[in-house]
Amino acid sequence: MRGQAPWICDNCGKKRESDVNHWAILIPETGAAVCILRIAKWDEGIAGCAGARHACGAECRNVLTERYFATGSFAIPKPAVVTYESRDVLDAALERARAVR
Ligand SMILES: [Zn+2]
């Protein structure tokens, strides 16, 4: 049970209204050697399972599933950070590429 706070889609942030029935719950299998994700039709009893994520429909369910399979996490991946060192390496490589032409 979850008191007054509504459930929120973990992809788009939409609030779950009481009259919708196309929500899904994604439950990652912990400790498995490969990514295993169980997907359940909405059920208040399992919506609060540890590690569970909530999706408002097929589109958000697919986004969360793809992200989990690609990264092993539901978190949105951060863009790669270009450090000064890697920028120097990149600049040097570009210089060499220009010199060859
Ligand atoms: Zn959503």
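Read along the sequence, the chain of this predicted model follows the pattern β-β-α-β-α-α. Along its principal axes, the C-alpha trace spans about 65 × 30 × 25 Å.

Of the 101 residues, 13% count as buried. Among contacts with a separation of 6 or more, 53% are accounted for by residues 24 or more positions apart.

The largest nonpolar core consists of nine residues: C9, W23, A24, I25, L26, A55, C56, C60 and L64. At least two residues of this core come from each of β1 (24-28) and α2 (58-71), and β1 gives the most, with three residues. In soluble globular proteins, nonpolar side chains tend to be buried together. One member of the core, I25, is in contact with A40, W42, D43, I46, A47, A52 and H54, when its neighbours within four places in sequence are left aside.

R98 is found in helix α3, which covers residues 84-100. With 8 other C-beta atoms within 10 Å, R98 falls under the limit of 12 or fewer and is therefore exposed. R98 and G48 are 50 residues apart along the chain, and their C-alpha atoms are separated by 57 Å.

Definitions and conventions: Residues are numbered from 1 along each chain as its sequence is written. This is a predicted model: local features need pLDDT of at least 70, side-chain atom pairs count only at pLDDT 80 or more; totals for chains, interfaces and linings use all residues. A nonpolar core is a set of buried Ala, Val, Leu, Ile, Met, Phe, Trp, Tyr and Cys residues joined through C-beta atoms within 7 Å. A residue is buried if 20 or more other C-beta atoms lie within 10 Å of its own, exposed if 12 or fewer, and partly exposed in between; C-beta atoms are placed from the backbone. Helices (H or I, at least four residues) and strands (E, at least two) are DSSP runs, numbered from the N terminus. Two residues are in contact if their C-beta atoms, placed from the backbone, lie within 7 Å.
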